[in-house]
Every structure is written in structure tokens, then in C-alpha cells.
Amino acid sequence: DVGVVSFVSSSPGCGGVLKTVPEDFVVSEIRSSGEVVQLPMTTATADEKACAKSDLLTFVLHKKGVDTLEALAQISQLSCVASSRFGIAGIKDSWAVTTQDVTAWGVRVGVIQAAIQDLQHIQAAGFQPADKMLRPGHNYGNQFKLRLRSIEKGQELRLGQIFGHLREHGFVNYIGLQRFGKAGVRSPDVGRAMLQQDYVRCVETILLPERHEKLKIREAPWVETWMRTGNASAALRAGVPQRAWVERRLLETIAASYTQSGQGPGAVPNWEEICRRAFLGLPKNIRCIYVHSYLDKLWNLAATDRLRLSPDKIVIGDWVCVGYPCSMDRALMVETEEQAAEYCIQDLILPRLGHDVQLPGNELAVLMRQYLQYDGLSFEDLWYEAGEDTVEQLRTTLRHVISRPEDLHWRVAPDPEDAAFVHVKCTFNLRTGQYATMVMREVMSTKPRHPPMARHVVFSDSD
């Protein structure tokens with residue numbers, strides 16, 4: 001449960017199927033300037049001399065069937081360039097066709113081109129010098145072109161009502177489910193263990209066999225080997241696939257640690273230290289994804305509880321911010337009923353917890369404290385080891401609870417394979433950090449939509 005419960009509309013959606021093939025989910029990054037990123041028609045470098053002189057390059061990455069981190073991991077491995085040298089503004093879905101900007105520090109154009117020349121699912125073009133590394137959030141957002149399939153014919157009027165409601169009222173701006181892990185890994189659990197400096201649990205949560213119960217052993221022989229022997233070297237010899245590069249990285253470090261410790265007679269490796277070394281050996285941006293996943297889960301829970309208080313009105317104690325960017329210097333805490341009446345529900349914001357958080361001034365603040373207490377944490381624990389002898393505090397960020405997609409358009413088309421169904425093709429833009437899957441959840445989900453019930457844990461004085 002990652003808190004994705006509430007809807008804006010009280011009426012069920014249209015049903016249908018999304019992402020039958022990657023081409024049903026096309027994503028193009030939108031630069032801070034508002035320009036949509038497109039793959040250049042030619043792979044030739046615009047200014048080879050300027051690129052050769054520059055230590056920092058930018059290029060367009062076009063991919064299908066892998067997420068951004070997986071694509072960069074493949075480029076990193078094939079080019080023998082550390083993944084930390086690449087910068088991105090956001091991670092794009094795997095089961096999709098996506099286009100985005102990437103920056104690369106200290107890497108020559110020819111090295112990247114040689115690395116991807118035999119990869120059918122990854123393209124890189126438009127190389128040119130860059131001024132600064134891309135970091136998460138360094139873009140306006142993303143443009144989406146989606147196709148919904150298998151929608152029963154005869155719903156054309158209702159489809160117009162559903163999309164019209166979405167355009168006017170928006171969707172619950174939850175952090176999308178893809179943020180919380182895949183292949184059975186519970187990223188929030190890893191993030192919580194990371195905040196507790198429990199690196200054994202971090203590693204075991206990623207590698208433990210329980211997460212592979214839905215996988216067929218023949219599809220993952222390394223899993224069976226790890227389950228049976230607990231031997232990292234043997235698991236690696238069984239063949240860890242490219243898509244499981246985090247698991248491979250952990251296993252490689254574990255195997256190397258045992259090899260090094262075995263050089264001395266009777267040496268017994270310290271499992272806690274091995275796990276710490278293995279986990280901190282992952283790229284920092286990957287470790288940040290885990291810890292932010294935990295905080296994102298808490299944000300989702302808080303958003304659901306806030307909408308339970310009042311689903312369509314601002315109340316006293318709410319933080320509000322009109323428009324973007326959403327920042328504390330533009331935010332206001334509502335103190336009176338008169339103030340509350342001046343704002344709409346789309347102005348409501350909630351903080352993602354950080355060491356410097358300013359909580360709402362109503363009962364939601366109590367609930368947000370309880371989320372952390374239930375997991376054995378406090379606001380003082382919101383920091384992580386960035387590296388050897390280096391710690392970084394997690395800063396608060398703000399997020400609108402209800403958002404509207406921008407430039408939304410849709411049209412209904414016949415299903416070329418079955419006259420009983422239609423397709424819906426829709427396009428829209430989202431701001432950085434917003435998820436198209438949450439937009440489509442509002443449109444497609446046919447589940448009955450009841451107000452969310454209280455699900456939080458209440459602590460007594462004896463606790």
C-alpha cells in the first residue's frame with residue numbers, strides 16, 4: 001500500500017487498456033525553455049570541434065523498452081564510463097518510447113556512439129557542448145501522447161464527459177506506482193532501512209528470494225543460485241541479466257569482499273560491513289531514489305488523509321500556493337475561513353518530509369508525525385550517508401495535491417481489429433515530477449469511488 005486511494009471525480013472511468021505496446025506511451029521531455037525535446041534526424045554532431053573541446057556535453061537520448069537508468073547503465077558498461085558522469089532531469093518509463101536530454105561530463109562523443117552502435121533500443125544524437133549538468137527537476141515537464149485500447153463502443157459521450165472533467169478539475173497528483181519499485185523490490189522498504197543505516201536490510205530487501213516468488217526460476221537462474229547457496233560469485237556465474245544491474249552491482253561487491261577477506265588465513269568477513277560497502281557502492285542517484293521513494297510513500301498517505309478531511313475545499317491550517325513554481329517563499333498557511341474561501345483545491349500543497357519541514361497547521365500534522373513514528377523514525381533521522389564520512393540532509397519539497405494536465409486533447413478512433421471497441425488517443429503536458437499513469441488512473445479506473453476511510457495508526461500515551 002503506497003497510499004494511492006482517492007480520486008477527484010466521483011464517477012467511474014471508462015476502462016480500457018494502456019501500454020499494450022511501448023508505442024502506446026510516447027514521452028518527450030520539455031526543456032525549461034518550453035521546447036519539446038526531439039530526436040534529430042541525423043546522428044551527425046552539429047559542431048565536432050566545439051564538442052571535442054568541451055568537458056561537458058549534452059545529447060538527446062531516445063529509447064524503447066528500458067527505463068532511463070537502465071539505458072544509461074548499458075551505455076556506462078559498454079563505454080567503461082562511470083554512470084555518475086551522466087546527468088538527467090528525470091527518469092522515463094521502461095514500457096514506453098521516450099526522448100529526453102542527457103548531459104555527460106568528461107566523455108567524448110565517439111565513445112558514446114561506439115557504445116550504442118549495436119543497441120537497437122537506444123539512440124543518441126544531437127551532441128553539443130553544455131553549460132551545466134542536468135539534475136532532477138531541471139526541466140519544465142513532459143509531453144505525453146497516449147493510446148487507450150479496448151474501450152467498449154458507444155461511450156463517446158461519456159468519454160467526452162470524463163476528459164472534460166479531467167481538464168477542468170484535474171487529478172490527484174500522487175507519486176506514480178513506478179516510483180515504488182519493480183521486479184518485486186519494495187523501494188520504500190529499502191529507503192526506510194537506508195534512513196536507519198541498516199544496510200543489511202537494504203541489501204537483503206533487494207536480493208532476498210521472497211521478492212522473486214512470482215518469477216519463474218528458469219527465467220532467473222541467478223535467483224535460484226542465490227536462494228540455494230547464498231554465494232554471490234556463483235549467482236554471478238549463473239548470469240544476472242542487464243535489467244538487474246543494481247542486483248549485479250551488489251553481488252559483484254559482495255563477491256569481491258569475500259575474495260579479499262579470504263586472502264588472510266582464517267579471515268571471516270563482517271557481513272554488516274560488506275552490506276554497507278556494497279550498498280554505498282551503488283551510484284548516489286540510485287540510493288537517492290530509494291530514500292525518496294520512502295518519503296514519496298508518506299506524501300501519498302498524507303494526500304489521501306488530507307482529501308479525507310475535505311475533498312474539494314481549503315481548510316484552516318492548509319498550505320496553499322497558486323501556480324508554479326511551488327516553493328516555500330510563495331506558499332501561505334491559511335489562518336481564517338475568509339482566507340480559505342479565497343483559494344481553490346488546486347492551490348493546496350503538501351510538503352514531502354525533510355529535516356526542515358514546516359507541517360500544516362491542522363490535524364494532518366499529527367498524522368504526518370505518526371507516519372514516521374510508526375516506522376521508528378523522527379525528523380532528526382532524515383539524512384543519509386552520501387559517501388564515506390559524508391552525510392546529506394533531506395530537504396523538504398512541496399507538491400500540489402490536485403493538478404490539471406496542460407494542453408489536454410483527445411479523440412476517439414475505431415479499433416481496426418474489433419468493431420465492438422474504440423481507441424482513445426490523447427495528448428497532454430505535465431509539470432516535472434507529475435505522472436501520466438495517475439492521470440490515466442483518473443480516466444480509466446472503473447472501481448467504485450468512495451471517500452477514503454481513515455487508515456492511519458493512532459498512538460496512545462503508553463506508546
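Predicted model: local features only at pLDDT ≥ 70, side-chain atom pairs only at ≥ 80, totals over all residues.
Residues are numbered from 1 along each chain as its sequence is written, and side-chain values use heavy atoms, with hydrogens and water left out.

**The whole chain**

Switch to cartoon and you'll find 14 helices and 17 strands; these are DSSP runs numbered from the N terminus, with helices being H or I of at least four residues and strands E of at least two. The radius of gyration is 24 Å, close to the 23 Å from the globule rule for 463 residues, so the chain is as compact as a globular protein of that length. That radius is taken over C-alpha atoms, and the rule is 2.2 Å times the number of residues to the power 0.38.

Now show contacts (heavy atoms within 4.5 Å). Of those with a separation of 6 or more, 75% are between residues 24 or more positions apart.

**Helix α5**

Next, select residues 187–195, which is helix α5: seven of its nine residues are buried. Those are S187, P188, V190, G191, A193, M194 and L195. What do they pack against? Colour α6 (199–207), α10 (271–280), α11 (284–309) and β12 (383–387), and you have the partners. Step just past the end of α5 to Q197, which takes a positive phi of about 55°.

**I286 in α11**

Stay with α11 and pick I286, which lies in that helix. I286 is buried, at a relative accessible area of 4%. Leaving aside residues up to four places away in sequence, I286 touches L69, W245 and V246. For a distance check, draw a line from I286 to M133: they are 153 residues apart in sequence and 17 Å apart in space, C-alpha to C-alpha.

**The cysteines**

Last stop: how many disulfides are there? The count comes to zero, taking a disulfide as a pair of cysteine sulfur atoms within 2.5 Å. Select C344, for instance: the nearest cysteine sulfur, that of C321, is 12 Å away. C344 is partly exposed at 33% relative accessibility, whereas C51 is buried at 2%.

Definitions and conventions:
Buried < 20%, exposed > 50% of the residue type's maximum accessible area, 1.4 Å probe, protein only.
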